[in-house]
Amino acid sequence: MPITIEDLASKLGVSPSTVSKALNDRADVSLRTKERVRKTVRELGYQPSAAARNLRRQRTDKIGLVVNYPIHMVRDFLTELIPGIAARAEQSEYHLILYTAMAGNAERVKSLCRSREVDGIIIAWPPRASETVALSQLMTQEDMPHVFLPRRVPHEGISFVAADHIGGAKALTRHLICLGHRRIGFERLPEVYETDFDRHAGYCQALAEAGIAYQPDLVVAADSSAVDYATRSFRLFSALPEPPTAVLFFTDPVAIRALSLARQAGLRVPQDLSIAGYDGILSSAVTEPALTTVWQSAAEMGRLAVESLLQLISGEGNGPIQHTLPVKLFARGSTGAKQGG
């Protein structure tokens with residue numbers, strides 16, 4: 001059985017409160033008594049109860065990560081996001097607890113807040129803006145510090161960490177324009193709200209700056225409820241009377257699937273069709289050909305989310321904390337100069 005404060009007190013012939021004060025280096029305990037307590041602690045191998053200590057401090061030293069999106073659709077991104085979160089949390093001696101499919105359920109979030117299982121919450125892939133604002137207000141009312149990621153939240157009073165999706169999509173589109181492409185397909189994913197809006201805006205801006213008219217038929221809205229929505233999107237682009245010569249797919253996994261579909265259709269990449277993705281996951285560099293993509297640092301997002309949350313927990317955070325991280329274009333073999341006239 002573990003050694004308790006009562007065991008220490010009995011061996012030393014003092015009260016448990018004296019032992020507790022000595023362990024906490026209180027000034028009202030003599031130096032001689034403190035030394036005796038410390039010696040006995042070493043001899044008996046006493047370990048203080050983290051639960052009891054945290055109860056006194058009204059802290060748990062735990063951070064909750066709520067993933068509000070089907071994990072199978074974001075597993076590649078999560079493999080880089082979670083290590084960034086965990087490493088920064090551990091650096092500050094915090095533990096990470098994972099919760100899934102909770103953010104859209106206000107009652108479950110309220111229960112988590114009131115149970116005080118954690119000191120703060122990071123919500124990944126928040127719901128649509130109106131629901132996110134309501135969710136933030138709920139957590140604020142429950143005095144629960146919180147940060148959203150990896151999506152921009154269009155509200156000045158809410159803390160979030162996101163990437164520069166306008167800049168990322170703009171850089172990809174410009175890259176293809178510089179290669180001579182004028183019919184550039186763009187896959188949207190409306191269910192990710194602001195991220196979809198921002199990437200579409202970047203695509204439109206790049207076209208406008210190059211004097212290329214926006215063509216609605218070149219924009220396909222993905223249906224992620226389909227078992228293989230990559231195939232659906234690819235076929236919609238291919239079925240156009242005049243198919244695009246380049247396509248920007250919304251994520252790297254979909255773009256990687258498109259590489260395979262192009263081969264099956266007898267298309268050469270990039271000679272017949274240039275293909276680009278988004279996210280910069282590790283597997284994008286080992287496809288054949290290697291995938292052109294925009295890299296957003298999931299690990300850095302995770303680290304910044306924890307730092308922001310710890311500031312809010314400690315009270316150091318002065319109002320909402322909002323970060324928009326730069327992205328980087330990786331031009332690889334899946335995109336090339338437009339062939340023919």
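**Close-ups of a predicted model**

**View 1. Thr 335 sits in the segment after strand 12 (328–330).** Helices here are DSSP runs of H or I with at least four residues, strands are E runs of at least two, and both are numbered from the N terminus. This is a predicted model, so local features need pLDDT of at least 70 and side-chain atom pairs count only at pLDDT 80 or more, while totals for chains, interfaces and linings use all residues. Residues are numbered from 1 along each chain as its sequence is written, and side-chain values use heavy atoms, with hydrogens and water left out. Thr 335 counts as buried because its relative accessibility is 9% (buried is under 20% relative accessible area, exposed over 50%, partly exposed in between; 1.4 Å probe, protein chains only). Its side chain makes a polar contact with the side chain of His 175, at 2.9 Å (a pair of N or O atoms within 3.5 Å; within protein, one must be able to donate a hydrogen and the other to accept it, and residues adjacent in sequence count only if both atoms are side-chain atoms). Leaving aside neighbours within four places in sequence, the residues in contact with Thr 335 include Leu 176, Leu 179, Pro 270 and Thr 292 (contact means heavy atoms within 4.5 Å).

**View 2. Leu 273 lies in the loop between helix 11 (252–264) and strand 9 (274–276).** At 7% relative accessibility, Leu 273 is buried too. Not counting residues up to four places away in sequence, Leu 273 touches, among others, Phe 234, Pro 244, Val 247 and Ser 334.

View 3. Domain 2 brings 15 residues to the contact and domain 3 brings 17. Between them, about 1300 Å² is buried, 51% of it from carbon and sulfur atoms (accessible area, 1.4 Å probe, that two parts lose on being put together, summed over both). On the domain 2 side, Glu 80, Arg 151 and Arg 152 lose the most area to domain 3, together 36% of what that side buries.

**View 4. Arg 152 forms a salt bridge with Asp 198.** The closest N and O atoms are 2.8 Å apart (a salt bridge is a side-chain nitrogen of Lys or Arg within 4 Å of a carboxyl oxygen of Asp or Glu). The count between domain 2 and domain 3 is 1 salt bridge, along with 4 residue pairs in polar contact, both residues at pLDDT 80 or more. Helix 5 gives the most to the side of domain 2 that touches domain 3, with 4 residues.
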